[in-house]
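Hello,

Here is the structure I promised to pass on to you. Please open it next to this email and follow along as you read.

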Amino acid sequence: FLPHLVASMEQVEETYIMIKPDGVQRGLVGEVISRFEKKGFKLTGLKLFHCPKDLAEEHYKDLKSKSFFPKLIDYITSGPVVCMGWEGIGVVASARKLIGATNPLQAEPGTIRGDLAVQTGRNVVHGSDSPENGKREIALWFKEGELFEWTPVQAPWLTE
Ligand code: IDP
Ligand code: MG
């Protein structure tokens, strides 16, 4: 029994979740937000935003060498996206589970991509892949004054 490991699994983290242009165009904004709200995570930032090319390239810089990179940048900058910060215990990994596999045809039913999408190039939503990237991406997409600290009334009914 390693209590420090248990404690680390219970770390409050932040993650950057983005509804991509296809999700906005297809009217899935409420559906996606609802899944994170109902799970019990806390919204810390929310905006509709048309992403410029340089920001998209910075966000996806680790994929720069991939053949699909130019198409990915065109996709992400093709229309408004919904930028969100979500906070909670283990939110980074949990959000990735709620979102599902990168290829929607391989994503489990019950996940956002598994329920709502068919192709990797139109997979509706982004979620940070580590707590470090969660912090990095929130700092990248939000300006000062766009993030909020608040205590949900349901807090004592979600965590002990
Ligand atoms: P993730 O979004 O599940 O973390 P990543 O591998 O980080 O997946 O890729 C980022 C995004 O790039 C994907 O969500 C998808 O939109 C796009 N992408 C990844 N692989 C492909 C591909 O093979 N073809 C087209 N687009 C891709
Ligand atoms: Mg990724």
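Helix H3 passes helix H6 in a right-handed crossing. Please keep in mind that this is a predicted model.

Let's start with the helix pair. Two packed helices are described by the angle between their axes and the distance between those axes. H3 covers residues 29-39 and H6 covers residues 91-99. Their axes come within 11 Å and cross at roughly 135°. An angle over 145 degrees would count as roughly antiparallel, and H3 and H6 are therefore oblique to each other.

Which residues make the contact? From H3 they are Arg 35, Phe 36 and Lys 39, and from H6 they are Ser 94, Ala 95, Leu 98 and Ile 99. Sorted by class, the contact of H3 with H6 has 4 nonpolar, 1 polar and 2 charged residues.

Now for the ligand. Ligand 1 is surrounded by Lys 20, Tyr 60, Leu 63, Phe 68, Leu 72, Tyr 75, Arg 96, Thr 102, Arg 113, Thr 120 and Asn 123.

- Arg 96 has a side-chain N or O atom 2.8 Å from an oxygen atom of ligand 1.
- Arg 113 places a polar side-chain atom 3.1 Å from an oxygen atom of ligand 1.
- Asn 123 has a polar side-chain atom 2.8 Å from an oxygen atom of ligand 1.

Enjoy exploring, and write back with any questions!

Best wishes

Terms used: Residues are numbered from 1 along each chain as its sequence is written. Chains are lettered from A and ligands numbered from 1 in the order in which they are written. This is a predicted model: local features need pLDDT of at least 70, side-chain atom pairs count only at pLDDT 80 or more; totals for chains, interfaces and linings use all residues. Side-chain values use heavy atoms; hydrogens and water are left out. Axes are lines fitted to C-alpha atoms, for helices over the stretch in contact, and angles run from 0 to 180 degrees between N-to-C directions. Helices (H or I, at least four residues) and strands (E, at least two) are DSSP runs, numbered from the N terminus. Angles under 35 degrees count as roughly parallel, over 145 as roughly antiparallel, 65 to 115 as roughly perpendicular and the rest as oblique. A crossing is left-handed if the near helix is turned anticlockwise from the far one by less than a right angle, and right-handed if clockwise. Contact means heavy atoms within 4.5 Å. Ala, Val, Leu, Ile, Met, Phe, Trp, Tyr, Cys and Pro count as nonpolar, Asp, Glu, Lys and Arg as charged, and the others, Gly among them, as polar. A residue is near a molecule or strand if one of its heavy atoms lies within 4 Å of it. A polar contact is a pair of N or O atoms within 3.5 Å; within protein, one must be able to donate a hydrogen and the other to accept it, and residues adjacent in sequence count only if both atoms are side-chain atoms.
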